[in-house]
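Please look at the structure below before reading on.

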Amino acid sequence: MERLKTKVCGITFNNPVITASGPSGNGEELNKLIDISKLGGFTSKTITLNSKIGNPPPRIINVDGGMLNSIGLQNDGYIEFKKNTVPFLESLNTNIIASLGGYDSQEFEIMIKELNSTKIKAFELNLSCPNVSKGGAVISQNPNLVYEVVKNAKKISKKPIFVKFGIENVDELVENTVAAGADGVTLINCIKGMKIDINTGKTILKRKIGGLSGPAIKPIALATVYKIKNKYPDLSIIGMGGIMNFEDALEFMMAGASLVGIGTGVMIDHEIPVNIIKNLNNFLLKKNKKLDEIFSSAQEV
Amino acid sequence: MERLKTKVCGITFNNPVITASGPSGNGEELNKLIDISKLGGFTSKTITLNSKIGNPPPRIINVDGGMLNSIGLQNDGYIEFKKNTVPFLESLNTNIIASLGGYDSQEFEIMIKELNSTKIKAFELNLSCPNVSKGGAVISQNPNLVYEVVKNAKKISKKPIFVKFGIENVDELVENTVAAGADGVTLINCIKGMKIDINTGKTILKRKIGGLSGPAIKPIALATVYKIKNKYPDLSIIGMGGIMNFEDALEFMMAGASLVGIGTGVMIDHEIPVNIIKNLNNFLLKKNKKLDEIFSSAQEV
Amino acid sequence: MEGKIILKKISKEYCILKVKLTEDMNILPGQFVMLSHPLKKELSKPFSVMDFEDGVLTFFVKIVGKFSKLLSELKENDILNIKGPLGVPYINKIDKNLKYVLVGGGCGAVSLIYFKKIYPNLVENELYGFKNSSIRKIFEHKSLFIDEESGNPLDKLDTILKEKNGIIFCGSKGMQKALLNKYPNKKIYMSLEENMGCGEGMCKGCPVMTTNGVKMVCKDGPLFDSKEVLEWKD
Amino acid sequence: MEGKIILKKISKEYCILKVKLTEDMNILPGQFVMLSHPLKKELSKPFSVMDFEDGVLTFFVKIVGKFSKLLSELKENDILNIKGPLGVPYINKIDKNLKYVLVGGGCGAVSLIYFKKIYPNLVENELYGFKNSSIRKIFEHKSLFIDEESGNPLDKLDTILKEKNGIIFCGSKGMQKALLNKYPNKKIYMSLEENMGCGEGMCKGCPVMTTNGVKMVCKDGPLFDSKEVLEWKD
Ligand SMILES: Cc1cc2nc3c(=O)[nH]c(=O)nc-3n(C[C@H](O)[C@H](O)[C@H](O)COP(=O)(O)OP(=O)(O)OC[C@H]3O[C@@H](n4cnc5c(N)ncnc54)[C@H](O)[C@@H]3O)c2cc1C
Ligand SMILES: Cc1cc2nc3c(=O)[nH]c(=O)nc-3n(C[C@H](O)[C@H](O)[C@H](O)COP(=O)(O)OP(=O)(O)OC[C@H]3O[C@@H](n4cnc5c(N)ncnc54)[C@H](O)[C@@H]3O)c2cc1C
Ligand SMILES: Cc1cc2nc3c(=O)[nH]c(=O)nc-3n(C[C@H](O)[C@H](O)[C@H](O)COP(=O)(O)O)c2cc1C
Ligand SMILES: Cc1cc2nc3c(=O)[nH]c(=O)nc-3n(C[C@H](O)[C@H](O)[C@H](O)COP(=O)(O)O)c2cc1C
Ligand code: FES
Ligand code: FES
């Protein structure tokens, strides 16, 4: 599948299909079900400085065209991650992107310093998780802090820095991110959503608001990727939001994404990423096209 | 159905179910299919100062869990509206809300002055249509202008003023709207979305970006209504976004809406609003509850 | 209203459904109905009728996307939700003093076949083009024209079209363009297709630019005089 | 993997599906599978198996919402997408030196019935409570207990439970609470239900707070020792 090879921020990807941070965990379970090395890359679940037990159940609700989640960044903290998980991730024959979440620039600095020496290929700063009261969400509400965090991360990191946003205030946040020298952005994180139990009259999620993902958000995610790529043609974008099949993946690449991330899709069916890769290859073959002819095609007039 | 009666901004509604502006047009066609007088109210399609031919086809695309539209506020202008449509609307035995769109405060002023003398019950200022390059969208990108438009409209109008927003920058816009003395807000308008034709590599809509509506946006709309009601407990909210059945309508009322609007639902099946009214009544009857016990129930701790 | 599928035929590209209605309907050639998703969470979609008799509607569906695939997977005895009749009957739009050659491409043939059945005296001849012969597996008609076997249907049209005839056309945009180019002076009526929302004229979702301004395909059409239809100009 | 529905029984509240698998599977009592939406656009949902023999899985589905309704509307010969087996077999979690009374509420009975079949020697007795007798239309079992007819199943349990028995329970949260209150000193294993995303331990969607920290119902359960499970604390 030579024709799916692509280079992003200096990293060669065997194909543009990677996992989105979260739904696939840290890959231990997934790798028993599919061969992760066949993917272009694997993004690990967001880690934080200290461990987090996450939010109380229920954490998952199905809604039309997607799902709401309120996981709350459950993770063991970056030290355990480095000790217990990084060796496994390093053993995978694909590009590992580590997702980091934090409350301030200092926290990101500590984690990046610790992980700089690993075989992780890039960092993704998750500044947009809708499911933690403090944490990334706080940073993204403060565009200046975003600038500071990214600027500092760039200074310290030995690897490319991607920054992940949702749709809230995305224009201004990306502007600051680009100004701070980020290598790319990841768009989009879940969108804030709610569901109410009509029998109790209360929200189903204990934290009331959760994150919407899946096909429902695909048109919104596409418009966001398109808009940002339109403004910053040279910025690398990892596009995601409701990708379930190769047609969806193509749409994101045509809108302006250099890589596509699969989140909810892996939960629905762990074969989805592998199927997308296979079908993307077939599509290009049939149309006799190169990936480069696909990328950003919708941007042209 | 006495138990569905409710009073909003001094206007008595036989039930809280109204049409959202747009999908039902100006009611002439719909009234041949259902008896509009059975609804709590009818919101007419957004009119503008001058007529608009709207956007080129295709104007409608189906996507998972909803649809994208790019109608572009096709309308005959406020003068024709007053002459040809208002008499019909006045003949309906329900509350008419007239939706107005414009480029500046002056335009809204002209339309409101002209319609002040009609039996229209309230005005809804559509400051958030995603499908016109100039127009309402321009106003909502400028929070100060929103304040000015609403302030002036309140001064001139003899009827309550609702202001309609999408999700972009909604916190700040509602803040200004409330400060300017609006009677209520309508949440939410369509969300910007896109679809790309993988065979041509181009967007399907000529204007590239359209408005997403339907069940896909329901969780997002609910979270928005909840959030705004939480901040302004006394503000009247017309809630909408993906309401297809009485359960959906209940969720919006529980989140904080005083009235619920049906848009896409009327297009899918014109019986939906009438069915919702019937089923709401049955639900309250069965639970032996009043509407007041439903409203904003999810806000309580 | 509801209808029950009483017969289904399917090929790779097409399916034919016969649907027995539970209520009365009076639907004329050129009119269409909107078929709804069972859960009523996504848009209903427009389909013409190929026949209507004894309360049974016949649909001829090209399998192109999500909804038509869903339709094609239904089984006999399944229930369909149906909204209609919608649109203006062809008969109200055409010059009744002419005799017509009916030209259909793919499932554009649908409404024309029903037209011929109800108004045989207005029809001079028929020509229904399909890409390949697999259609014969589920549908046979004396006027079937298989491109693969016989070339360009418009060449064939030349041989059957008489001086005095008008044309009623329903088919692809490409074929439509070729037809208009070939017969610039003929009376041609064309049944237009546009993505639809409501099908009832409310939502302004299905515009066509005409000499009389923007019209809605669902409410003012689907049939239009070719002279009436303009390119879209902003 | 795929399975074909070869038998379906349905009542107002429940349906039973027998599904013939196209590939090999080895599934033990207590394990479950995720059944997927045909279009794979919404979450798959977890279901226990009531029986597995000759490549045929038996499901017992309570019709409560969108997905279970969709399942109940499937017909014989329809194809289901199946992911599994998932979860830890009960046998790996329990003390094999005890004999158990199996207590099920509603479709909680499902996994227990299969358990009894495979490990008859570990079972002292069974008690499967259902609200009303309509269940008998599609499902008959000697240990059915119909609340409507016979009152509280826990009273009945008192009469069959012996000193030395443990309990394996699967049912509603209410019944679970009552059971734990009634027998604070018994060895009770409970099969937990939690909304699931992946079913595979990846997404962290199905947590349960335990004496050993947060565990996932799908990967570490669904069976837990009642002493191990704690109230959620932030
Ligand atoms: C390990 C495991 C094994 C299981 N085994 C079985 C089994 O063998 N058989 C079985 O039947 N089930 C089993 N379940 C449960 C089964 O997975 C769920 O019943 C199923 O997921 C329900 O899906 P649904 O889409 O039908 O319902 P959902 O749509 O998820 O709805 C669930 C409930 O919420 C209600 N609801 C929806 N929206 C609202 C609203 N706005 N307000 C109030 N209420 C609302 C619905 O009416 C319904 O009661 C098992 C679960 C687990 C975890
Ligand atoms: C008045 C009228 C009468 C009609 N009568 C008939 C009739 O009798 N029989 C009939 O078969 N049809 C008829 N149609 C057309 C019919 O309504 C459409 O074919 C139907 O709506 C298609 O719905 P769908 O969900 O199956 O396809 P859609 O999902 O809407 O897809 C349409 C096309 O777009 C493609 N597509 C989807 N996503 C993408 C993407 N990202 N990139 C590129 N391509 C994509 C699909 O593959 C497909 O080719 C009629 C239409 C009108 C207006
Ligand atoms: C269960 C779940 C957990 C998630 N956890 C994370 C996370 O830890 N870090 C992160 O950046 N995004 C997280 N996300 C967001 C996804 O990475 C992705 O941005 C979003 O879900 C949209 O893509 P999708 O529709 O393909 O899921 C999570 C999403 C889901 C559904
Ligand atoms: C076809 C279409 C046309 C619309 N036209 C208007 C309009 O003219 N003015 C307006 O304020 N909103 C318009 N809207 C937005 C709806 O009023 C509503 O806010 C939105 O669609 C969300 O609700 P829904 O999911 O019930 O459709 C339109 C929506 C659709 C789908
Ligand atoms: S489809 Fe709504 S106006 Fe034609
Ligand atoms: S459902 Fe994903 S971890 Fe259990």
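How many residue pairs are in polar contact between chain B and chain A? The count is 18 residue pairs, with both residues at pLDDT 80 or more. The model is a predicted one, and the values in this report are to be read with that in mind.

## The interface of chain B and chain A

The size of an interface is often expressed as the accessible area that is lost when the parts come together. For chain B and chain A, the buried area is about 3,200 Å², and carbon and sulfur atoms account for 64% of it. Chain B contributes 39 residues to the contact, and chain A likewise contributes 39 residues.

Charged side chains also meet across this interface. There are four salt bridges between chain B and chain A. A salt bridge joins A:Lys195 to B:Glu251, where the closest N and O atoms lie 3.7 Å apart.

## The side of chain B that touches chain A

Several elements of chain B give two or more residues to the side that touches chain A. They are strand E11 (191–194), strand E12 (196–197), strand E13 (202–203), strand E14 (209–213), H7, H8 and helix H10 (272–287). The largest share, six residues, comes from H7(B). Sorted by class, this side of chain B holds 22 nonpolar, six polar and 11 charged residues.

## Two helices packed within chain B

In chain B, helix H7 (residues 218–231) and helix H8 (residues 246–255) have axes that come within 8 Å of each other and cross at roughly 25°. An angle under 35 degrees counts as roughly parallel, and H7(B) and H8(B) are therefore roughly parallel to each other.

From H7(B), the contact is made by B:Lys218, B:Ala221, B:Leu222, B:Val225, B:Tyr226 and B:Lys229. From H8(B), the residues in the contact are B:Asp248, B:Glu251, B:Phe252 and B:Ala255. The contact of the two helices comprises six nonpolar, no polar and four charged residues.

## The interface of chain C and chain D

Chain C and chain D also touch, with four residues from chain C and four residues from chain D taking part in the contact. The area buried between these chains is about 380 Å², and 58% of it is given by carbon and sulfur atoms. On the side of chain C, the residues that lose the most area to chain D are C:Leu39, C:Lys66 and C:Lys75, which together make up 72% of what that side buries.

Which contacts involve charged groups here? Two salt bridges are found across the interface of chain C and chain D. In one salt bridge, the side chain of C:Lys75 meets that of D:Asp78, at 2.4 Å from N to O. The side of chain C that touches chain D consists of one nonpolar, no polar and three charged residues.

## Details of the backbone

What is the form of the peptide bond from C:Gly84 to C:Pro85? This bond is cis, with omega near 0°, and C:Pro85 is placed in strand E7 (residues 79–86) of chain C. In chain D, the peptide bond from D:Gly84 to D:Pro85 is cis, with omega near 0°. D:Pro85 is located in strand E7 (residues 79–86) of chain D.

A further detail concerns chain B. B:Asn288 has phi near 50°, a positive value in a residue other than glycine. This residue, B:Asn288, is found in the loop between H10 and helix H11 (291–294) of chain B.

Methods
Residues numbered from 1 in each chain as written. Chains lettered and ligands numbered in written order. Predicted model: local features only at pLDDT ≥ 70, side-chain atom pairs only at ≥ 80, totals over all residues. Heavy atoms only, no water. Contact = heavy atoms within 4.5 Å. Buried area = accessible area lost by both parts, 1.4 Å probe. Nonpolar A, V, L, I, M, F, W, Y, C, P; charged D, E, K, R; others polar. Axes fitted to C-alpha atoms, helices over the stretch in contact; angles between N-to-C directions. Helix = DSSP H or I, 4+ residues; strand = E, 2+ residues; numbered from the N terminus. Parallel < 35°, antiparallel > 145°, perpendicular 65-115°, else oblique. Polar contact = N/O pair within 3.5 Å; in protein donor to acceptor, adjacent residues only side chain to side chain.
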